Amino acid sequence: MPLHFLNFAPTSWGESFTFYPDVPSILLSAKSTTPLLTLATASRTSAPDIAISLLKQLHLPPASEAGASSKASSKRAYDIFDYMQIFPGDKKTHFARIQKQSGVSYDEMLFFDDERRNKNVESLGVVFWEVPSGVTRAEVDRGVREWRRRKGREEK
């Protein structure tokens, strides 16, 4: 099975879903850092069961096997996240639950989203980085630089 089919989830309605091209490598990189990063997902959907099902269908190739070709040697996207908050509601509620479950303080969190209205999480202390055209490696790098700048942790 070609690699691109691992990152593709068809639905019974004839639609298909996939990650933005850079997302699999971003997620895998985040889980191979030292120290490991905690990853959470927050989705304001009225169809949480479908969203979770899609995360279980989408697979990420092993970081060491860029040419991986089977789901057996890949990792489900669902399994890469440490915490999930997928339900209709305000992002501040999602983040309050993530914070309570994880113990990670808000000021240690960086949130990427394509909806400007979700910048309201900054009132909690979360750094919000808008990705209006989707998540790319460049946007993640810019968001991390901004988080470091705001926290006084800029690389020298």
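Reader: Which residues does Ile26 touch, not counting residues up to four places away in sequence?

Author: Contact means heavy atoms within 4.5 Å. In this predicted model, Ile26 touches Val135, Thr136, Arg137 and Val140, with residues up to four places away in sequence not counted. Ile26 and Thr136 are 110 residues apart in sequence, yet 8.2 Å apart in space, C-alpha to C-alpha.

Reader: On what basis are such values given?

Author: Residues are numbered from 1 along each chain as its sequence is written, and side-chain values use heavy atoms, with hydrogens and water left out. As the model is predicted, local features need pLDDT of at least 70 and side-chain atom pairs count only at pLDDT 80 or more, while totals for chains, interfaces and linings use all residues.

Reader: Is Ile26 buried or exposed?

Author: A residue is buried under 20% relative accessible area, exposed over 50%, and partly exposed in between (1.4 Å probe, protein chains only). Ile26 has a relative accessible area of 11%, and is therefore buried. Ile26 lies in helix α1, residues 23-30. Of the 156 residues in the protein, 33% are buried.

Reader: How many helices and strands are there in the protein?

Author: Helices (H or I, at least four residues) and strands (E, at least two) are DSSP runs, numbered from the N terminus. The protein has 5 helices and 8 strands. Along the sequence, their pattern is β-β-α-β-α-β-β-α-β-α-β-β-α.

Reader: Which residues of helix α2 are buried?

Author: In α2, residues 48-57, the buried residues are Ala51, Leu54 and Leu55. They lie on the same side of α2, because they cover an arc of only 100° around the axis. The arc is that of the directions from the helix axis to the C-beta atoms.

Reader: Which residues have the most contacts inside the largest nonpolar core?

Author: A nonpolar core is a set of buried Ala, Val, Leu, Ile, Met, Phe, Trp, Tyr and Cys residues joined through side-chain atoms within 4.5 Å. The largest one here has 14 residues, and those with the most contacts inside it are Phe19, Leu27, Leu39, Leu55, Leu60, Ile80 and Phe81. Helices α1, α2 and α3 (77-80) each supply at least two residues of this core, and α1 gives the most, with 4 residues. A second, separate core of 8 residues includes Ala42, Phe95, Met109 and Phe128.
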